[in-house]
Amino acid sequence: MTPIKLLILPGDGIGPEVMLEVRKVIDWFASNRGLAFEIDEDLVGGASYDVHGTPLTDAVMDKAQSVDAVLLGAVGGPKYDVLDFSVKPERGLLRLRKEMDLYANLRPAQCFDALAEFSSLKRDVVAGLDIMIIRELTSGIYFGEPRGIVTEGNERVGINTQRYTEAEIARVARSAFELARKRGNKVCSMEKANVMESGVLWRQVVQEVHDTEYADVELSHMYADAGAMQLVRWPKQFDVIVTDNLFGDLLSDAAAMLTGSLGMLPSASLGAPMENGRPKALYEPVHGSAPDIAGQGKANPIACVLSFAMALRYSFDLGDEADLLEASVNDVLAKGLRTPDLGAGEGTRTVGTAEMGDAIVEA
Ligand code: ATP
Ligand code: MG
């Protein structure tokens with residue numbers, strides 16, 4: 001098989017610590033499942049600024065454009081707070097997202113059985129939960145023109161514009177339908193077509209893309225406010241939810257809290273399909289560089305490990321391997337292993353980053 005080309009950008013803070021555990025997982029798949037990887041590792045964020053004076057060099061940007069997937073740890077840290085905005089670590093990540101045109105942001109809300117009972121929510125609401133929210137990331141009200149604060153008469157007026165083109169809606173809808181085919185084959189699209197023109201168009205275009213290209217996938221539409229209520233009331237009714245930038249921002253944060261710690265949450269950002277049919281892709285944990293615990297060997301590597309599982313599933317069609325990795329994470333949690341962020345309880349044992357990574361590999 002042609003090797004899978006990965007660009008690994010560990011970044012700052014706990015980024016390199018959690019990425020080290022992902023490297024162990026990758027090595028295991030290479031040795032035991034015959035997967036071939038071609039791995040390039042480079043700098044991003046503050047780590048890049050320290051060496052090159054910029055959070056992302058053109059050379060790294062070029063590499064990101066040519067590999068099958070990018071795996072990123074985290075960027076930023078208090079050391080860089082004083083820097084000019086143009087060279088802040090976060091700018092490295094923003095440039096990657098913008099130049100790779102990653103318009104579909106995937107945030108799963110997944111609850112591992114072993115953690116369900118510690119959830120503050122009713123156990124039967126979250127146990128076994130596995131849903132995916134796709135947020136349109138590059139358009140909508142955060143980018144629409146005109147925008148600004150203007151003076152009208154004797155008062156100030158704040159203006160933002162919600163604007164979506166047919167093409168922008170269609171491409172994120174396709175991402176959602178493609179993903180649904182690799183999961184539960186069900187998509188729920190959310191907007192406010194009852195009060196917003198962009199919502200009316202959103203609903204029409206999603207329906208058209210469905211009818212012409214993805215009629216095999218089950219599609220429903222929901223107003224986003226009702227969707228927010230249903231998401232908290234009975235989230236297991238959903239498989240894939242696709243929504244715009246603003247609603248996706250809110251709904252994905254709400255969904256994340258159904259499952260608990262920041263140290264458990266992976267994400268993916270996908271763009272247009274490349275020549276080989278795979279989407280441009282960047283996988284990263286939802287959490288940041290966690291400067292308060294960096295260098296102490298106690299960061300939870302699971303969010304980063306699960307981001308790699310998403311890469312296996314969504315970039316490389318290796319669903320069985322992704323299942324295996326997720327099951328291993330669940331096994332380790334079921335045995336009671338916990339990094340400090342996951343709390344402690346009867347039958348649990350507190351472990352550090354490396355021990356958690358080793359246990360996942362062992363499982
Ligand atoms: P950013 O601006 O990069 O998002 P942040 O400070 O808002 O940074 P995080 O860096 O994610 O957010 O950290 C938020 C809190 O969660 C911190 O207390 C951190 O220690 C904790 N945390 C984040 N990720 C992990 C992890 N993988 N394991 C354990 N604790 C974590
Ligand atoms: Mg933050």
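Residues are numbered from 1 along each chain as its sequence is written, while chains are lettered from A and ligands numbered from 1 in the order in which they are written. Because the model is predicted, local features need pLDDT of at least 70 and side-chain atom pairs count only at pLDDT 80 or more, whereas totals for chains, interfaces and linings use all residues.

The protein chain contains 13 helices and 14 strands, these being DSSP runs numbered from the N terminus (helices H or I, at least four residues; strands E, at least two). Its radius of gyration, taken over C-alpha atoms, is 21 Å, close to the 21 Å that the globule rule (2.2 Å times the number of residues to the power 0.38) gives for 363 residues, so the chain is as compact as a globular protein of that length. The C-alpha trace spans about 60 × 50 × 45 Å along its principal axes. Buried residues (20 or more other C-beta atoms within 10 Å of their own, against 12 or fewer for exposed and values in between for partly exposed, with C-beta atoms placed from the backbone) account for 46% of the 363 residues.

Within strand β5 (residues 130–136) lies E136, which is buried because 26 other C-beta atoms lie within 10 Å. Leaving aside neighbours within four places in sequence, E136 is in contact (C-beta atoms, placed from the backbone, within 7 Å) with residues including Y103, E168, D244 and G248; the C-alpha atoms of E136 and G248, 112 residues apart along the chain, are separated by 7.1 Å.

An unreviewed UniProt entry lists D225, D249 and D253 under "binding site"; such annotations may be inferred rather than shown by experiment. Although spread over 29 residues of sequence, these positions cluster in space, the largest C-alpha distance being 14.5 Å. Helix α10 (residues 245–256) holds D249 and also D253; D249 counts as partly exposed, with 17 C-beta neighbours inside 10 Å, whereas D253, with 12, counts as exposed.

Of the 15 residues around ligand 1, G263, H287, G288, N300 and D341 come nearest, a residue being near if its C-beta atom, placed from the backbone, lies within 6 Å.

Note on methods. Two residues are in contact if their C-beta atoms, placed from the backbone, lie within 7 Å.
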